[in-house]
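Please read the following report alongside the sequence and the coordinates.

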Amino acid sequence: ASVTILEKSSAFLTKVRISGGGRCNVTHALFEPRQFVHRYPRGAKALIGAFQSFSARHTVEWFQQRGVLLKTEKDGRMFPATDSSQTVIDCLMEEAKKLRIQLACNREVKEISRTGGQFSIQLSDGTFLPPFSRVLLGTGGCRTLSLGHLPVSLGHTLEDPVPSLFTFHVDSPWVKSLSGVAIEAEVQVPATGLKESGPVLFTHWGFSGPAILKLSAWGAREFHRLNYTFPLLINWAPKFHLEQIAQVFDQNRRSQPAKMITNCPSFGIPSRLWEKLCLHSGLKEGLRWSELSRTSQHQLAQAISRSEFNVTGKSLNKDEFVTCGGVRLSEVDFKTMESKICPGLFLAGELLDIDGITGGFNFQAAWTTGWLAGTAMAK
């Protein structure tokens with residue numbers, strides 16, 4: 001088959017280049033498809049069968065067969081052993097060139113039409129390309145409805161796109177003063193009933209980290225409806241119940257009565273955060289354990305287990321934009337990724353109404369749907 005890849009920008013695989021902080025989080029070391037799909041707020045049911053055909057295990061093997069070894073980190077994320085996204089880019093580009101695929105940059109597709117079983121493609125500069133018998137759209141997430149005009153023009157329906165995988169803005173001076181501090185915590189938004197656990201990172205604009213990003217993915221539509229303004233609760237010591245916190249306080253009273261409370265971080269809380277929690281709960285500077293009243297103890301325990309913040313907006317996770325929404329899944333055959341509406345048209349990746357939490361799941365959905373589409377197109 002003669003294959004041409006049209007790229008709107010001046011370079012291929014720019015999203016691969018920036019992913020994972022420049023290391024490229026290729027996939028996740030979770031090799032049972034039915035467990036893997038639980039990491040997708042949207043698209044899980046449709047992907048079960050797809051992952052049976054091409055799973056994370058197949059992705060690892062595919063790259064390994066082409067000389068790219070992947071390593072697994074403690075949290076299950078898989079990166080190239082070189083810790084460089086360039087390794088993945090080089091592999092994909094070399095494979096494309098080996099297969100004599102025509103690679104065309106700066107080729108923005110303006111319109112696609114289908115007549116007599118053939119597709120006519122017009123570029124933004126007015127150029128018409130020779131007809132194609134099959135077309136694969138893998139244009140990425142639709143940040144706005146207008147960016148999904150190609151599948152819509154061919155008869156498809158778009159689920160409204162909204163952002164996913166974003167960080168939270170919190171206008172609190174003491175939060176911003178802790179920029180760079182990270183801690184394992186539990187975060188929840190009572191207005192939605194959503195809760196997540198994992199690392200939370202303080203930033204100069206509010207909160208980020210895996211726990212926040214996962215929460216944003218599961219609550220993408222709810223948070224959009226709330227206009228990204230809602231109360232956020234954080235438990236800084238999720239492994240401890242209030243009774244256990246009280247026991248630690250009592251023990252500190254007995255074992256170190258003369259020490260200042262702000263100088264004695266507990267429950268694995270970083271010292272800078274501990275000091276802020278103490279002061280934020282109303283404790284006076286210089287207060288010693290022997291001077292801690294029952295009322296002040298209760299207030300400190302609440303600050304540790306149930307700190308409340310007002311989220312006032314969002315930011316993208318660096319340059320890694322993921323959208324919730326896209327082409328309606330019921331309009332696509334997930335055995336082949338062919339359109340049920342327009343024969344010969346195939347769809348893959350984030351253009352579909354599929355998105356995963358952070359950790360390599362969005363790339364795996366792209367590898368899987370792309371592989372299924374390419375295989376079916378070749379037959």
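## Surroundings of lysine 314

Which residues does lysine 314 touch, not counting residues up to four places away in sequence? In this predicted model, lysine 314 touches Pro163, Phe166, Thr167, His169 and Tyr228.

Lysine 314 is found in strand S16, which covers residues 307-316. The C-alpha atom of lysine 314 is separated by 4.7 Å from that of phenylalanine 168, although the two residues are 146 residues apart along the chain. With a relative accessible area of 28%, lysine 314 counts as partly exposed, because that class lies between the limits of under 20% for buried and over 50% for exposed.

Strand S12 (residues 182-189) pairs with strand S13 (residues 194-202) in the antiparallel sense, and the pairing extends over 8 bridges. Within this pairing, isoleucine 183 stands opposite valine 200 in S13. The two strands form a hairpin with 4 residues between them, and glycine 193, which lies in the turn, has a positive phi of about 80°.

S13 also pairs in the antiparallel sense with strand S14 (residues 206-208), here over 2 bridges. One hairpin of 3 residues joins S13 to S14, and the bridge partner of leucine 201 is serine 208 in S14.

## The buried face of helix H3

Helix H3 comprises residues 44-53, and its buried residues are Leu47, Ala50 and Phe51. Seen down the axis of H3, these buried residues fall within an arc of 100°, so they line one face of the helix. Such an arrangement can be read against the geometry of the α-helix, which has 3.6 residues a turn, so that residues three or four places apart point the same way.

In soluble globular proteins, nonpolar side chains tend to be buried together. The largest nonpolar core in this model has 45 residues, of which Phe207, Trp236, Phe249, Trp274 and Ile304 touch the most other members. Apart from this core lies another, of 43 residues, which includes Tyr40, Phe119, Leu351 and Ala376.

Which residues is phenylalanine 249 in contact with, leaving aside its neighbours within four places in sequence? Phenylalanine 249 is in contact with Phe267, Trp274, Trp289, Leu292, Gln297, Leu300, Ala301 and Ile304.

Conventions: Residues numbered from 1 in each chain as written. Predicted model: local features only at pLDDT ≥ 70, side-chain atom pairs only at ≥ 80, totals over all residues. Heavy atoms only, no water. Buried < 20%, exposed > 50% of the residue type's maximum accessible area, 1.4 Å probe, protein only. Arc of directions from axis to C-beta. Pairing = 2+ DSSP bridges. Contact = heavy atoms within 4.5 Å. Core = buried A, V, L, I, M, F, W, Y, C linked by side-chain atoms within 4.5 Å.
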